[in-house]
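Here is a friendly walk through one protein model, written for someone who likes to check geometry against coordinates. Have the sequence and the 3D view at hand as you read.

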Amino acid sequence: MAVSRRTLQRAVQSYRQALRAEALATTRFETPPGRQLQIDFGERLVEVGGAKIKAFVFVATLGHSRRLHVRAFRAEKQEHWFAGIESAFTRKF
């Protein structure tokens, strides 16, 4: 069975659009060394001594190298943000 080129192009058009969108969504945002540090908190359930507790995880990511600094806390309070930022700056990435 013969199919025209245009019919094939129309058939795969949605797949090609999805691939282009995925490529754009994963494009890295490049910054020069020493110019950007991204910080955020996340939370995880962890088991400590047989009991599940919620741990709050501070993550600092250097923009240029993508190196991480991670610390866990019992809460997400302002003092923990400050402690996380301070430890990120005093630690050698």
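What follows goes from the overall outline to the sheet, then to the core and a charged pair.

**Overall outline**

Please keep in mind that this is a predicted model. The protein holds 2 helices and 3 strands, and from the N terminus on its elements run α-β-β-β-α. How does its radius of gyration stand against that of a compact globule of 93 residues? The protein has 22 Å, while such a globule would have a radius near 12 Å. The C-alpha trace spans about 65 × 40 × 20 Å along its principal axes. Of the 93 residues, 16% count as buried. If you look at contacts between residues at least 6 apart in sequence, 32% of them join residues at least 24 apart.

**The sheet**

The 3 strands make an open sheet in the order β1-β2-β3, with antiparallel pairing. Because β1 and β3 stand at the edges, each with a single partner strand, one side of each has no neighbour in the sheet. On average, neighbouring strands are turned by 25° against each other, direction ignored. Helix α2, residues 78–90, packs on this sheet and touches β1, β2 and β3. The direction of α2 makes about 145° with that of β3.

| Residue | Bridge partner | Strand of the partner |
|---|---|---|
| Val46 | Ile53 | β2 |
| Phe56 | Phe73 | β3 |
| Val57 | Ala72 | β3 |

**The nonpolar core**

Which residues make up the largest nonpolar core? There are 6 in all: Phe41, Phe56, Phe58, Ala60, Phe73 and Ala88. Strand β2 gives the largest share of this core, with 3 residues.

Leaving aside residues up to four places away in sequence, Phe41 touches Phe56, Val57, Phe58, Phe73, Ala75, Glu76, His80 and Trp81. Among these contacts are the core residues Phe56, Phe58 and Phe73.

How many salt bridges does a search of the whole structure find? The search finds 1. Glu43 forms a salt bridge with Lys54, and their closest N and O atoms are 3.3 Å apart. Since Glu43 lies in strand β1 and Lys54 in strand β2, the pair ties together parts that are 11 residues apart in sequence. Is Lys54 buried or partly exposed? Lys54 has 42% relative accessibility, so it counts as partly exposed.

Terms used:
Residues numbered from 1 in each chain as written. Predicted model: local features only at pLDDT ≥ 70, side-chain atom pairs only at ≥ 80, totals over all residues. Heavy atoms only, no water. Pairing = 2+ DSSP bridges. Helix = DSSP H or I, 4+ residues; strand = E, 2+ residues; numbered from the N terminus. Core = buried A, V, L, I, M, F, W, Y, C linked by side-chain atoms within 4.5 Å. Buried < 20%, exposed > 50% of the residue type's maximum accessible area, 1.4 Å probe, protein only. Contact = heavy atoms within 4.5 Å. Axes fitted to C-alpha atoms, helices over the stretch in contact; angles between N-to-C directions. Salt bridge = Lys/Arg side-chain N within 4 Å of Asp/Glu carboxyl O. Rg over C-alpha atoms; globule rule 2.2 N^0.38 Å.
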